[in-house]
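Please read it with the structure open.

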Amino acid sequence: MAIDALQSFQGLFLLFAFLFGITVGSFCNVCIGRWPSGESVIKPRSRCPKCMNAIAWYDNIPLVSWLILGAKCRHCAQPISVVYPVVEALTGLLFTLTFWRFGFSAATPVYMLFCASMVIVTFQDLADWTIPNEITFPGIPFGVLLALAGTAWGEASGLRVTDVTDSLLGVLLGGGILFLLDRITVYLLKKPGMGFGDVKLLAMVGAFLGWQGALGTLVIASFIGSFAGIAVILYFKLRGETTDGNDGKEKQDQEGGDPEENITLQGHYLPFGPYLAVGALIFMFVGPELIDYYFSFLEPSGGIVLMNDLTDFGF
Ligand SMILES: [Zn+2]
C-alpha cells in the first residue's frame, strides 16, 4: 500500500519534472535566439521573428501552442520552426530523466540546470556556430563552487563530484586537452582550430563532472562524432552518385558554388559542441556505470562480472 502510494507520487513528480522542463526549454529557445546577437533575454516579450508581432501568453505555451497553431504564426501565418518544440520536448525529457535518476537530492536541480545548459549549447552551436559565453563563463566557477559544497555534503548529495580537487583537475584537463589540440592544429597543421568555445565548454564539463567526466565526455563525443562524420560522408557520396547520372549541369553548378560553402563542407570548421554536450549528458547520467563496465573487461574475472551484471538485470 505504502509502496503503491509512493509510486503514484513518483509518477506525479516525474510529470512535474517534465512540465517544468518544457517551460525551461521555452526559455532556452529565447536564449538560443537572442544571445548570438547580444539581445536581452528578459525584454522585450517574445515576438514572431518574421512579422515582429508580440506573441500572446496563450500562443506561447510550451509544445501545446505550436501544435494548436499548426506550426504557423497567428498574425502572419509564416511557419514556426520545428526546433522550438524539439528544444522544449528535449528539455522536458531530460528533466524527467534527471529526477528519475537522482530523485530528491541536491543533484537534481543542479543537473537539471546542467541539462538545460547543454541543450542551449547544442542548438546555438548548430544554428550560429558559437558556444555561448553566457553559459561557460559562469558555468566553470559554479561547477567548482558546487564541488566545494559537495565536499561538505558528501555522497548523500547525489553529486558526481564531491571533491573540489577533482573538479579543478577536470577544468584543467578538459580545457587543457582541447586548448593543446587547438594550438597543434593551428601551428603544426596550419589549419583553423576547433575554437575556444569548445575549450571553455569541456573545462565547464570538467568542473561539474570531474577529470574522469572531462575525459569520458571527450571519448564519447569523439565516438559519436566519428560515426556522424562517416554518416555525413556516406550521405554525400550516395547523393553524388545519384546526381551524377542524372544531369551534368547540376554537378557543374555544385562545383561552381559558393567557395565559402565548399570550405565548410571540407571540414574547415568542426562544430564539436553538440557532440561534447551529448557526451557530457551521457556521462552525467551513466558515467560511473560506463567506467565500471569498461574496466570489467580488463579484469581477469571480467567475463564473470559481466555475467553477474546481466543476471542482475534479469537476463
Ligand atoms: Zn508572424
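**Notes on the predicted model**

1. Overall make-up. This is a predicted model. The chain has 11 helices and zero strands. Read along the sequence, the pattern is α-α-α-α-α-α-α-α-α-α-α. Of the 315 residues in the chain, 36% are buried. The exposed surface comes to about 18600 Å². Carbon and sulfur atoms supply 69% of that area.

2. Contacts along the chain. Take the contacts between residues at least 6 apart in sequence. Of these, 67% join residues at least 24 apart.

3. The zinc site. Which residues hold the zinc ion as protein donors? They are Cys48, Cys51, Cys73 and Cys76, each through its SG atom. The donor distances run from 2.2 to 2.3 Å. In sequence, the donor residues follow the spacing C-x2-C-x21-C-x2-C. Cys48 and Cys73 link distant parts of the chain, 25 residues apart. Cys48 sits in the loop between helix 1 (2-34) and helix 2 (64-68). Cys73 sits in the loop between helix 2 and helix 3 (83-102).

4. Why is the arrangement called tetrahedral? The four donor atoms subtend angles of 105 to 118 degrees around the zinc ion, and this makes the arrangement tetrahedral. For four tetrahedral donors, the ideal angle at a metal is 109.5 degrees. Cys48 counts as buried because its relative accessibility is 6%, under the 20% cut-off. Cys73 has 9% relative accessibility and so is also counted as buried.

5. The loop between helix 1 and helix 2. Two backbone features here deserve a look. Lys43 and Pro44 are joined by a cis peptide bond, with omega about -10 degrees. Pro44 is found in the loop between helix 1 and helix 2. Leu63 is placed in the loop between helix 1 and helix 2. Its phi is near 60 degrees, a positive value in a residue other than glycine. Most residues other than glycine have a negative phi, and most peptide bonds are trans.

6. Trp129. This residue is found in the loop between helix 4 and helix 5. The phi of Trp129 is near 60 degrees, again positive in a residue other than glycine. Trp129 counts as partly exposed because its relative accessibility is 40%.

7. The largest nonpolar core. How many residues does the largest nonpolar core have? It has 50. Those with the most contacts inside this core are Tyr111, Phe114, Met118, Leu209, Leu276 and Met284. The elements giving two or more residues to the core are helix 1, helix 3, helix 4 (107-128), helix 5 (133-153), helix 7 (196-246) and helix 10 (273-296). Helix 4 gives the largest share, 12 residues. Domain 1 (1-104) and domain 2 (129-315) both give residues to this core, so the core lies between them. In soluble globular proteins, nonpolar side chains tend to be buried together.

8. Not counting residues up to four places away in sequence, Met118 touches Leu201, Met204, Ala277, Ala280 and Leu281.

9. Asp125 lies in helix 4. Asp125 is buried, with a relative accessible area of 0%. Asp125 and Phe272 are 147 residues apart in sequence, yet 8.3 Å apart in space, C-alpha to C-alpha. Gly279 is found in helix 10. Gly279 is buried too, with a relative accessible area of 0%. Leu218 is 61 residues from Gly279 in sequence and 6.9 Å from it in space, C-alpha to C-alpha. Leaving aside neighbours within four places in sequence, Gly279 is in contact with Thr217 and Ile220.

10. Ala152. Is Ala152 buried or exposed? Ala152 counts as exposed, because its relative accessibility is 66%, over the 50% cut-off. Ala152 lies in helix 5. Thr162 is 10 residues from Ala152 in sequence and 7.8 Å from it in space, C-alpha to C-alpha.

Note on methods: Residues are numbered from 1 along each chain as its sequence is written. This is a predicted model: local features need pLDDT of at least 70, side-chain atom pairs count only at pLDDT 80 or more; totals for chains, interfaces and linings use all residues. Side-chain values use heavy atoms; hydrogens and water are left out. Donors are N, O and S atoms within 2.8 Å of the metal (3.2 Å for Na, K and Ca); water is not among the atoms, so sites may look incomplete. Four donors count as tetrahedral if all angles lie between 85 and 135 degrees; four count as square planar and six as octahedral if opposite donors are over 155 degrees apart and all others between 65 and 115; anything else is irregular. Helices (H or I, at least four residues) and strands (E, at least two) are DSSP runs, numbered from the N terminus. Buried means under 20% relative accessible area, exposed over 50%, partly exposed in between (1.4 Å probe, protein chains only). A nonpolar core is a set of buried Ala, Val, Leu, Ile, Met, Phe, Trp, Tyr and Cys residues joined through side-chain atoms within 4.5 Å. Domain bounds come from an automatic or database domain assignment. Contact means heavy atoms within 4.5 Å. Accessible areas come from the Shrake-Rupley method with a 1.4 Å probe; for residues, only the protein chains shown count as cover.
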